[in-house]
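Subject: Handing over a structure

Dear colleague,

I am passing the structure below to you, and I would be grateful if you could look through it alongside the notes that follow.

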Amino acid sequence: MKKSLSERLIIALDYSDPGQAKQLVNQLAPLGVGFKVGLELFMAGGPALVRDLSTRCRLFLDLKFHDIPNTVAAAVRSAASLNVWMLNVHAGGGRKMLSAAREALEGFDQRPILIGVTVLTSMDDQEMTETGCPGLIIDRVRQLAVLTSECGLDGVVCSPLEIDEVKQSAPANFITVTPGIRAPDEAAQDQSRIATPAKVIRAGGDYLVVGRPVTKAADPYLAAGRILADMEID
Ligand code: C5P
């Protein structure tokens, strides 16, 4: 079934105060959007907060696991037992790690969506080269998307600029999750590879992750509404 626009929007709860995160969930959940817990909030609220938020909304646990296969599989199992809707691992962890992560979810009746992180949206070609991976980000994203799909994961995190490439290289139902969303007049901050919400929808992106444009807005409800309006392209 086709997802509604609000179902496709994920708000990053990038706060160090669990109270603020719960307040934003209460305020925006009626819109039908999903939410994301990343490292900052997880370090403050831990698994208890994740379990609690998972009963109130669709929750993406964005901890980007990257370790040896056995450790990642165990972490994925623990994360899934918190009833999260989506979780992720670094695709750069390699075939064995990705397969172990996918296999770890076999026993769950309603398993979370499992996503591989390709190249962080804050990076550019030069920065990636400095890490010992010379070449173009677009090629590395394609390579990691193919590997991720071969290992049975459901999709990748990539930038809006790589949606087309991923969609052409992976099976039809393979999901893209894209941070790096900014309005045309908005500052990129530490993000490098950005696009507007409308562009992501036009490119066929599945889920849009938005943090500061909503969490730092004077009126987050209004800011989320503006993003949803921009996503309405036809
Ligand atoms: O504030 P902003 O909209 O830039 O937030 C983007 C969110 O998406 C942050 O929580 C960040 O950790 C996350 N993210 C990202 N790039 C990735 C994976 C996750 O920006 N590749």
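In these notes a residue is near a molecule or strand if one of its heavy atoms lies within 4 Å of it. The model is a predicted one, in which local features need pLDDT of at least 70 and side-chain atom pairs count only at pLDDT 80 or more, while totals for chains, interfaces and linings use all residues. Residues are numbered from 1 along each chain as its sequence is written, and side-chain values use heavy atoms, with hydrogens and water left out.

I begin with the ligand. Around it there are 16 residues, of which Asp14, Lys36, Arg182, Gly211 and Arg212 come nearest. Polar contacts here are pairs of N or O atoms within 3.5 Å; within protein, one atom must be able to donate a hydrogen and the other to accept it, and residues adjacent in sequence count only if both atoms are side-chain atoms. An N or O atom in the side chain of Arg182 is 2.8 Å from an oxygen atom of the ligand, and for the side chain of Gln191 the corresponding distance is 2.9 Å. Gly211 takes part through a backbone N or O atom, which lies 2.8 Å from an oxygen atom of the ligand. The ligand taken alone exposes 470 Å², and the protein buries 87% of that, the areas coming from the Shrake-Rupley method with a 1.4 Å probe, where for residues only the protein chains shown count as cover.

Turning to the fold, eight strands close into a barrel in the order 1-2-3-4-5-6-7-8, with parallel pairing. Strands are DSSP runs (E, at least two residues), as are helices (H or I, at least four), numbered from the N terminus, and two strands pair if DSSP finds at least two bridges between them. Strand 2 (residues 34-37) and strand 3 (residues 59-65) are paired in the parallel sense over three bridges, and within strand 3 it is Phe60 that stands opposite Lys36.

Strand 8 is joined to strand 1 by three bridges, the two running parallel, and to strand 7 (residues 175-178) by two, again parallel. Leu208 in strand 8 is the bridge partner of Leu9 and also that of Thr178. Both faces of strand 8 are covered, since Tyr207 and Val209 on one side and Leu208 and Val210 on the other are all buried, where buried means under 20% relative accessible area, exposed over 50%, and partly exposed in between (1.4 Å probe, protein chains only).
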